[in-house]
Amino acid sequence: MAESTIQQQPFTGWEKPELDLSSADWHSSSRGLGDVQIAFVEGFIAMRNSGSPQSPSLIFTPAEWGAFVSGAREGEFDLT
């Protein structure tokens, strides 16, 4: 599946590189049933809406991803 990267100005203090997600191997978050897909790219985790794959993806460092998943497991995020 082809994916284009949207060019945006980074936020001040943004320490993440601009990742090329065009050849990312996207995986469904819920065995094919969920609306979220993730990909592991250059040491980062990208997350996108599977219903709108052309929309911007969220990029997490491994530490940010761990905090996000931990918060989701504790009910801090509504992933439905």
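Across the whole structure, a search finds three aromatic pairs (Phe, Tyr and Trp rings, the six-membered one for Trp, with centres within 6.5 Å). One of them, Phe60 with Trp65, is edge-to-face (planes over 60 degrees apart), at 5.2 Å centre to centre and 70° between the planes. Together with Phe68 they make up one aromatic cluster.

The model is predicted: local features need pLDDT of at least 70, side-chain atom pairs count only at pLDDT 80 or more, and totals for chains, interfaces and linings use all residues. Residues are numbered from 1 along each chain as its sequence is written, and side-chain values use heavy atoms, leaving out hydrogens and water.

Strands are DSSP runs of E of at least two residues, numbered from the N terminus, and two of them pair if DSSP finds at least two bridges between them.

| Strand pair | Sense | Bridges |
|---|---|---|
| β1 (27–28) and β2 | antiparallel | two |
| β2 and β3 | antiparallel | six |

Ser28 has Gln37 of β2 as its bridge partner, while Ala39 stands opposite Ala46 in β3. The hairpin of β2 and β3 has two residues between the strands, and Glu42 in the turn has a positive phi of about 50°.

Definitions and conventions
Helix = DSSP H or I, 4+ residues; strand = E, 2+ residues; numbered from the N terminus. Phe/Tyr/Trp six-rings, centres within 6.5 Å; stacked < 30°, edge-to-face > 60°.
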